[in-house]
Amino acid sequence: MDIGTKYIPNLSIENIGSKKKPLHVIKGFVELPCWNGYFLYDDSYKLVKSKVITNGRITLWVDGLITADNNMEFTAEQVHAYSYLIQQQESIKSAILQGLKAEFPNLLDDEYGSWDTDAPDFPKLSELTESFDFKDFIGPDSITIGEDVKEESAYLSWHFRSRWDVEHGFEVITHKDRLVSISLDPDPWKIYMDNGTYEQELKAYNERMKVPKAAKRKKWWQFW
């Protein structure tokens, strides 16, 4: 599938701010049939809890450029990442599931240690066999194609919903068909460590922290 070097379909510019303080973003969707039937959330507004599943259409965000004339521009690395996602969705899915399976015991100990992990919303460690696919427990809610790159392809940040943490879910970072990180919160530093820019980004961060904040101007009636 050749989609060129500038085009990512099914996107539009949306204002997620207000009229007074607009915040325009690039948002749309991507079709990934390999995730059909995966858990998305429980509909708690009904008297009987109803499981809503993924239909393969996943929210897509792109950290692209919005021009002055309201056009969208993407880097070749971002378009490559999108194309790779479409073509290699099965291998990317496999990397995520295998990585989650391997990391899950650590998540139970470190992140969910105070939770009731024997509840039915958590898969049992004894269930994590080679063929276990988490289908009844997780589902991708959104994917972001970021600006950071490696080997001519951008990184993808995924937000997954989960039955065991319906409020927060968890975050996944992939590059091509490699799993870079699984965590409860987005962690761009994992990307910097993966693509070799950690020292550079750390130096820039420290420099920003050194910039003194402007003194807050006192009101006319404040004498102290």
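**Note on the core, aromatic pairs and cavities of the chain**

1. Contacts of Trp 158. Beyond its neighbours within four places in sequence, Trp 158 is in contact with Leu 32, Trp 35, Leu 85, Ile 92, Ile 96, Pro 140, Ser 142, Ile 143, Phe 170, Glu 171, Val 172 and Thr 174. The structure discussed here is a predicted model, and the remarks below should be read accordingly.

2. Overall composition. The chain contains 4 helices and 11 strands. Of its 224 residues, 38% are buried.

3. The largest nonpolar core. In soluble globular proteins, nonpolar side chains tend to be buried together. Here, the largest nonpolar core has 42 residues, and Trp 35, Ile 138 and Trp 158 touch the most other members. Two or more residues of this core come from each of β2 (24-31), β5 (57-62), α1 (76-87), α2, β8, β9 and β10. The greatest contribution to this core is that of α2, with 7 residues. There is also a second, separate core of 5 residues, whose members include Ile 173, Val 180, Ile 191 and Tyr 192.

4. Aromatic pairs: Phe 104 and Trp 164. Across the whole structure, the search returns 17 aromatic pairs. One of them joins Phe 104 and Trp 164, with 5.1 Å between ring centres and 65° between the planes, an edge-to-face arrangement. Because Phe 104 belongs to helix α2 (residues 89-110) and Trp 164 to the loop between β9 (153-162) and β10 (170-175), this pair ties together parts that are 60 residues apart in sequence. Both partners fall below the 20% limit for burial: Phe 104 has a relative accessibility of 0% and is therefore buried, and Trp 164, at 5%, is likewise buried.

5. Aromatic pairs: Tyr 112 and Phe 122. The ring centres of Tyr 112 and Phe 122 are 5.6 Å apart and the planes meet at 70°, so this pair is also edge-to-face. Tyr 112 and Phe 122 are 10 residues apart, and each is placed in the loop between α2 and β8 (138-150). Tyr 112 is buried, with a relative accessible area of 1%, and Phe 122 is buried at 4%.

6. Charges over rings. Arg 57 is positioned over the face of Phe 29, 3.7 Å from the ring centre. Lys 93 is placed over the face of Trp 35, at 5.7 Å from the ring centre.

7. The largest pocket. What volume does the largest pocket have? The computed value is about 300 Å³. The pocket is lined by 18 residues, and those closest to its centre are Asp 63, Thr 144, Gly 146, Ser 157 and Ile 191. β8, β9, β10 and α3 (188-195) each contribute at least two lining residues, with the most coming from β8, which gives 6. Ile 191 also belongs to the second core.

8. The cavity. The count of cavities of 30 Å³ or more is 1. The largest cavity holds about 40 Å³ of space. Its lining is formed by Ala 81, Tyr 84, Leu 85, Ile 92, Ser 153, Ala 154, Leu 156 and Lys 176. The elements supplying two or more of these residues are α1 and β9. Among the lining residues, Leu 85 and Ile 92 are also contacts of Trp 158.

9. Thr 75 and Ser 153. Thr 75 is found in the loop between β7 (72-73) and α1. With 37% relative accessibility, Thr 75 is partly exposed. Although Thr 75 and Ser 153 are separated by 78 residues in sequence, their C-alpha atoms are 9.4 Å apart in space. Ser 153 is one of the residues that line the largest cavity.

10. Positive phi values. Asn 10 has phi near 65°; Asn 10 lies in the segment before β1 (11-15) and is partly exposed at 38% relative accessibility. Glu 151 has phi near 50°; Glu 151 is located in the loop between β8 and β9. Is Glu 151 buried or exposed? With a relative accessible area of 54%, Glu 151 counts as exposed, because the limit for that class is over 50%.

How values were computed. Residues numbered from 1 in each chain as written. Predicted model: local features only at pLDDT ≥ 70, side-chain atom pairs only at ≥ 80, totals over all residues. Heavy atoms only, no water. Phe/Tyr/Trp six-rings, centres within 6.5 Å; stacked < 30°, edge-to-face > 60°. Buried < 20%, exposed > 50% of the residue type's maximum accessible area, 1.4 Å probe, protein only. Lys NZ or Arg CZ within 6 Å of the ring centre and 35° of its normal. Core = buried A, V, L, I, M, F, W, Y, C linked by side-chain atoms within 4.5 Å. Contact = heavy atoms within 4.5 Å. 1 Å grid on protein atoms, 1.4 Å probe; cavity = no way out; pocket = protein on both sides within 12 Å on 5 of 7 lines; lining within 4 Å. Points joined across faces, edges and corners; volume = space filled by probe spheres on them.
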